[in-house]
Amino acid sequence: MDIIVLKPEATDTDIEHIIGKLKKKGLEAHVSRGTERTIIGVIGDTSRVSEDEENAIRAIEAVESVMRIIKPYKLASREFKKETTVINIRGNRIGSERIHVIAGPCAVESRKVVLEVAERVKSAGATFLRGGAFKPRTSPYSFQGLGEEGLKILAEARELTGLPVVTELMDPRDIDLVLQYADVIQIGARNMQNFRLLLEVGEADKPVLLKRGLSATIKEWLMAAEYIMSKGNHQVILCERGIRTFETATRNTLDLSAVPLLKQLTHLPVVVDPSHGVGKWDLVIPMARAAVAAGADGLLVEVHPNPEEALSDGEQSLKPDAFRQMMEEIKPIAKAVGRSV
Ligand code: PEP
Ligand code: MN
């Protein structure tokens, strides 16, 4: 038993009664009140509920039906929630008809670069600013990010432009610091299965952008989302950023089939990052167009005023003018698939 669907006339007392029964079995409940029905999601090891106990719950008058979800992820599944989740971040609704574009440099390198990029991407139509203050670099000798100083720069750019900030959290020890500055916490590809980190952000009251792991299957990725959601934070945005395959001509293989597939499997919004997906700036715009056509709820794109000088990911960064061009090129495609930018 994973989901208990209540009759429309079920009262708060009925809900409390059912939650009490679940608690006795060591299970938690997530109550989601829809416009038509209230659904109780059962959280924990539901295999502990015997068939008799399940039938007893079914017999409660306020209960319409009791369902098992066969998939290993439950809270993240479409079966649990039919409508796409819309995540409202300072009035920007990710998962709505409008496609949101998150843009900015790979790393927060300096105040000058961030402020310039923020202004330029905002004027081209981006609705979020990105930039890493803590960078997961392959080499320990590469630039690791500015830490808190970088977070302060992002906050200043938000003050100036109004763009909400998306930034990566790498270590649970930094969570309080990052929460002070970020509007959306990014969990990077390399940390997608850092379960302690996932549980930590699951306790936060802040949207999470969960990037797909370098070699993660869709199921593993949704299980990572489930970790976050199991702690009560249901504001999870999935971000496809390419996976590792035999192909080395591009940095990764951008799996755009993940977008329509995820739309079937989960109610969570899906964003595509063509920058890390391809690793080459001149392939970013075509793949951004394709992502919009495939049904993405948003894009995440790296932009740098002078990519040659960038401290990380310069080769895949768009210059502000190319970013503007991308924004123009995705507009008619968004319209063709019933969306706007
Ligand atoms: C990034 O967004 O800059 C980043 C490090 O991405 P990923 O975790 O997808 O490699
Ligand atoms: Mn990057």
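**Exercise 1. Find what covers the buried residues of helix α8, and work out how those residues sit on the helix.**

*Solution.* Contact here means heavy atoms within 4.5 Å. Helices (H or I, at least four residues) and strands (E, at least two) are DSSP runs, numbered from the N terminus.

Next, pick out the residues themselves. In α8, which spans residues 258–265, Ala258, Val259, Leu262 and Leu265 are buried. Buried means under 20% relative accessible area, exposed over 50%, and partly exposed in between (1.4 Å probe, protein chains only).

Last, look down the axis of α8: the buried residues fall within an arc of 130°, so they line one face of the helix. That arc is taken from the directions from the helix axis to the C-beta atoms.

A word on the ground rules: this is a predicted model, where local features need pLDDT of at least 70 and side-chain atom pairs count only at pLDDT 80 or more, while totals for chains, interfaces and linings use all residues. Residues are numbered from 1 along each chain as its sequence is written, chains are lettered from A and ligands numbered from 1 in the order in which they are written, and side-chain values use heavy atoms, with hydrogens and water left out.

**Exercise 2. Describe the largest pocket by volume, lining and residue class.**

*Solution.* Volume comes first: about 390 Å³. On a 1 Å grid over the protein atoms alone, a pocket is an open set of points with protein on both sides within 12 Å along at least five of seven lines, whereas a cavity is a set of points where a 1.4 Å probe fits but cannot get out; lining residues have an atom within 4 Å of a point. Grid points are joined across faces, edges and corners, and a volume is the space filled by probe spheres set on the points.

The largest pocket has 14 lining residues, and Gly34, Arg37, Ile39, Lys82 and Glu83 lie nearest its centre. Sorted by class, the lining has seven charged, four nonpolar and three polar residues. Ala, Val, Leu, Ile, Met, Phe, Trp, Tyr, Cys and Pro count as nonpolar, Asp, Glu, Lys and Arg as charged, and the others, Gly among them, as polar.

**Exercise 3. Do the second largest pocket, then check the phi of aspartate 313.**

*Solution.* The second largest pocket holds about 220 Å³ of space. Its lining has 17 residues, with Pro136, Arg190, Arg251, His276 and Asp313 nearest the centre. Nine of the lining residues are charged, five polar and three nonpolar.

Now zoom in on aspartate 313, in the loop between β14 (298–302) and α11 (320–336). Its phi is near 55°, a positive value in a residue other than glycine. Most residues other than glycine have a negative phi. Aspartate 313 is buried, at a relative accessible area of 12%.

**Exercise 4. Is arginine 90 buried or exposed?**

*Solution.* First locate arginine 90: the loop between β5 (87–89) and β6 (92–94). Phi is positive here, about 50°, although arginine 90 is not a glycine. With a relative accessible area of 56%, arginine 90 is exposed.

**Exercise 5. Which residues line the largest cavity?**

*Solution.* The whole-structure search finds two cavities of 30 Å³ or more. The largest has about 40 Å³ of space and is lined by Arg130, Gly131, Gly132, Lys135, Val166, Thr167, Glu168 and Gln186. Strand β9 (residues 165–168) gives the largest share of that lining, three residues.
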